[in-house]
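Visitor: Hi! Could you walk me through this structure?
Guide: Happy to, here it comes.

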Amino acid sequence: SGEFVSRKVKPMINANANLIKASILIGAGISFFLSIYLWFSGAKDQGIFVGIWVPSILRNGDPIDHETG
């Protein structure tokens with residue numbers, strides 16, 4: 001019974017982890033392109049501010065990668 005539950009739950013956990021990882025990468029990508037847009041539209045200070053979000057977003061998502069293997 002426990003083995004059956006383990007086989008059913010593990011793929012769901014991996015699927016959720018993949019969804020979270022994809023969301024983090026999408027968020028970092030949006031931040032990156034938003035910072036480029038702001039920089040070239042003349043809002044250079046805001047572009048730099050948004051640009052420094054990218055490593056923060058990626059770093060905050062790193063523990064999720066280590067938890068799921």
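Guide: First, a term: helices (H or I, at least four residues) and strands (E, at least two) are DSSP runs, numbered from the N terminus. This is a predicted model, where local features need pLDDT of at least 70, side-chain atom pairs count only at pLDDT 80 or more, and totals for chains, interfaces and linings use all residues. Residues are numbered from 1 along each chain as its sequence is written, and side-chain values use heavy atoms, with hydrogens and water left out.

Visitor: Thanks! How many helices and strands does the protein chain have?
Guide: The protein chain has three helices and zero strands, in the order α-α-α along the sequence.

Visitor: And what percentage of the residues count as buried?
Guide: Of the 69 residues in the protein chain, 14% are buried. Buried means under 20% relative accessible area, exposed means over 50%, and partly exposed is in between (1.4 Å probe, protein chains only).

Visitor: Where is Ser-31 found?
Guide: Ser-31 sits in helix α1, which covers residues 2–40.

Visitor: Is Ser-31 buried or exposed?
Guide: Ser-31 counts as buried because its relative accessible area is 3%.

Visitor: Which residues is Ser-31 in contact with?
Guide: Setting aside neighbours within four places in sequence, Ser-31 is in contact with Val-50, Trp-53, Val-54 and Ile-57. Contact here means heavy atoms within 4.5 Å.

Visitor: Switching topic: which residues form the nonpolar patch on the surface?
Guide: Among them are Phe-32, Phe-33, Tyr-37, Phe-49 and Trp-53, and the whole patch has about 1200 Å² of accessible area. The elements giving it two or more residues are α1 and α2 (44–51), and the largest share, seven residues, comes from α1.

Visitor: What makes a patch?
Guide: Patches consist of residues with over 30% relative accessible area and no salt bridge, joined within 9 Å for like charges and within 5 Å for nonpolar side chains (Val, Leu, Ile, Met, Phe, Trp, Tyr). A salt bridge is a side-chain nitrogen of Lys or Arg within 4 Å of a carboxyl oxygen of Asp or Glu. Accessible areas come from the Shrake-Rupley method with a 1.4 Å probe; for residues, only the protein chains shown count as cover.

Visitor: How many aromatic pairs are there?
Guide: There are two aromatic pairs. Phe-32 and Phe-33 are edge-to-face, 5.3 Å centre to centre with 75° between the planes. Phe-49 and Trp-53 are also edge-to-face, at 5.6 Å and 75°. Rings of Phe, Tyr and Trp (its six-membered ring) pair if their centres lie within 6.5 Å; planes under 30 degrees apart are stacked, over 60 edge-to-face and the rest tilted.
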